[in-house]
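Dear colleague,

Please find below the structure that I am handing over to you. My findings follow directly after it.

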Amino acid sequence: MSLLILVAVLMLALASITLKKTVPAMIAFASMMFLLGIYYFVLDEKLLGLLQIFVYTGGIVVLMLFGITVIGDTFPEAKARPWAIVSSIAVGAALMYLVTMMLPTMQTLTPHTSNQAQAFTEHYADFVLIFALIGVSLLYGTMKMVRFLRGKQHG
Amino acid sequence: MVNIELIFAILLFSIGLYGISSKSDFLRIFFSLEMLLNAVILMLAVSAHHWQLTQNLALAYMVIVLATLEAAAGVLIFMIANKVSDKVSPDAFNEAHQGVKHE
C-alpha cells in the first residue's frame with residue numbers, strides 16, 4: 001500500500017514538471033502533495049500528514065494558482081539543457097551512495113526522547129531566532145517591493 | 001523496507017533537481033523547489049518513524065515552515081517581475097534586463 005502511494009507520488013511529480021498545460025500540471029502537483037500527506041498518515045505521523053495536506057494542498061497550491069493566472073493555459077517553451085538530466089542523475093547516484101554508507105550509523109542512533117516538544121527545544125530552539133529573522137526580512141522585502149511597484153506604476 | 005522508502009525520497013529529490021535545472025518558467029521552478037523540500041521532509045519522516053528519531057520529526061515541521069515562506073516570497077517575486085517586465089521566465093527576464101543594461 002505505502003509503496004503504491006510512493007510510486008504514484010513519483011509519477012505525479014514527473015507529470016507536474018513535464019506536462020505542457022498549466023492546469024493539469026497543477027492538478028498533478030496538488031495530487032502529489034495530497035498523496036504524500038496520506039503516506040504520512042500510513043506512517044502514523046498524523047500531525048505531519050495534516051500539516052502536509054493543509055499547507056501544501058491548501059495554501060501553496062492556491063499561491064501557485066495566482067501564477068497560473070499570469071502564465072495562461074500553456075507553459076512557455078523551455079531552452080534545451082542536455083546537462084540537466086545528467087547532473088540530476090549524478091546527484092541522485094551520489095545521494096544513494098551516501099545514504100547506503102550512512103545507514104549502519106543511522107541504525108545505531110538512539111532517540112533522546114519520545115516527546116516532540118522536548119526534542120524541538122533540545123535540538124532546534126536556537127533556530128527559532130534565525131527563522132524570525134528570515135520572516136522579518138521577507139516582510140521588509142515585500143514592503144520594499146510593493147513600494148517599488150507603486151513607484152513604477154505612477155511613472 | 002526503509003531502504004526502498006529512502007530511495008523513493010532520493011528519486012523525488014532528483015526529479016526536483018531535474019525540474020530546476022531544465023525548466024525555464026517560474027511556476028515549474030516553484031514546483032521543483034517544493035519537490036526538493038518534500039523529498040527532505042519524506043526522508044526525515046521515514047527516519048523518524050523507523051528509528052524513533054523524534055528530533056527528525058521536529059526538523060520536518062521546520063522545513064514545512066521554510067517551504068511556506070519560500071513559496072510566498074517566490075510567488076511575490078514572480079508577480080512583481082512579471083508586472084515590471086511582462087515576462088514569465090527567468091531567462092527572458094534576464095535577457096530583458098541585460099538589454100536594458102546595454103542600452
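Of the 155 residues of chain A, 28% count as buried (buried means under 20% relative accessible area, exposed over 50%, partly exposed in between, with a 1.4 Å probe and protein chains only). This is a predicted model, in which local features need pLDDT of at least 70, side-chain atom pairs count only at pLDDT 80 or more, and totals for chains, interfaces and linings use all residues. Residues are numbered from 1 along each chain as its sequence is written, chains are lettered from A and ligands numbered from 1 in the order in which they are written, and side-chain values use heavy atoms, with hydrogens and water left out.

The secondary structure of chain A consists of six helices and zero strands (helices are DSSP runs of H or I with at least four residues, strands runs of E with at least two, numbered from the N terminus).

Helix 3 of chain A covers residues 46-71. Its 26 residues should span 38 Å at 1.5 Å a residue, and the end C-alpha atoms are 35 Å apart, which agrees (the expected span is 1.5 Å times one less than the number of residues). The buried residues of helix 3 of chain A include Leu48(A), Ile53(A), Tyr56(A), Val61(A) and Met64(A). Just after this helix, Gly72(A) takes a positive phi of about 100°.

Phe127(A) lies in helix 6 of chain A. This residue counts as partly exposed because its relative accessibility is 37%.

Yours sincerely
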